[in-house]
Amino acid sequence: MDLKDLYRDVIVDHNRRPRNFREIEPPRCTADGHNPLCGDKLRVYLRLADDVIEDVAFEGSGCAISVASASMMTESLKGKTQSEALALFERMHDLLTGRESAAANVSELGKLAALQGVREYPTRVKCASLCWHTMKTALTGGQTVTTE
Ligand code: ZN
């Protein structure tokens, strides 16, 4: 199995069985994200304990890439501080838009690296990055975000 097959399998698995697909009751941070280009709509929930993300979840509907990306994001954010989460947002933004070049850095992202293939499909970049923009909006006190 080559790396591309492996990446595809990770995305298919997270789309079929999204992790942390649920609501988090208040107190929480939440924001809605919308990608009109594809029709993806996600709501991201975060619960903070001091500065640490104690719980993170999402709901919504969208294409396989948007759902798999959100599922993987929730797994990667639990236990991170707010500043670590925002730094990861920047890393993912660079990965998805092709600015993250060194393969060694990509391997540090673990499963999230599975999404790097979308950079070859510009219309899919917004699908994969929607959850990250929504998470950032929730963390920084916003309500809604759209990719347009
Ligand atoms: Zn989409």
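Start by selecting helix 3 and helix 5, where helix 3 passes helix 5 in a left-handed crossing (left-handed if the near helix is turned anticlockwise from the far one by less than a right angle, right-handed if clockwise). Helices (H or I, at least four residues) and strands (E, at least two) are DSSP runs numbered from the N terminus. This is a predicted model, in which local features need pLDDT of at least 70 and side-chain atom pairs count only at pLDDT 80 or more, while totals for chains, interfaces and linings use all residues. Residues are numbered from 1 along each chain as its sequence is written, and side-chain values use heavy atoms, with hydrogens and water left out.

Keep helix 3 (residues 82-97) in view with helix 5, since their axes come within 10 Å and cross at roughly 160 degrees; axes are lines fitted to C-alpha atoms, for helices over the stretch in contact, with angles from 0 to 180 degrees between N-to-C directions. The two helices are therefore roughly antiparallel to each other, a term for angles over 145 degrees.

Next, show the side chains where they meet: among them are Leu86, Phe89 and His93 in helix 3, and Ala128, Trp132 and Met135 in helix 5, contact being heavy atoms within 4.5 Å. By class, this contact of helix 3 with helix 5 has 11 nonpolar, five polar and two charged residues (nonpolar: Ala, Val, Leu, Ile, Met, Phe, Trp, Tyr, Cys and Pro; charged: Asp, Glu, Lys and Arg; polar: the others, Gly among them).

Now select the zinc ion, whose protein donors are Cys38 (SG), Asp40 (OD), Asp40 (OD), Cys63 (SG) and Cys127 (SG), at 2.2 to 2.6 Å from it. Donors are N, O and S atoms within 2.8 Å of the metal (3.2 Å for Na, K and Ca), and sites may look incomplete because water is not among the atoms. Along the chain, the donors follow the spacing C-x1-D-x22-C-x63-C. Aspartate 40 lies in strand 2 (residues 40-49) and cysteine 127 in helix 5 (residues 122-139), so the pair ties together parts 87 residues apart in sequence. Both aspartate 40 and cysteine 127 are buried (buried is under 20% relative accessible area, exposed over 50%, partly exposed in between, with a 1.4 Å probe and protein chains only).

Finally, turn to the backbone. Most residues other than glycine have a negative phi, and most peptide bonds are trans. In the loop between helix 1 and strand 1, select asparagine 20, which has a positive phi near 55 degrees and is buried, with a relative accessible area of 17%. Proline 27 is found in the loop between helix 1 (3-16) and strand 1 (29-35), and a cis peptide bond joins proline 26 to proline 27, with omega about 0 degrees.

Conventions: Parallel < 35°, antiparallel > 145°, perpendicular 65-115°, else oblique.
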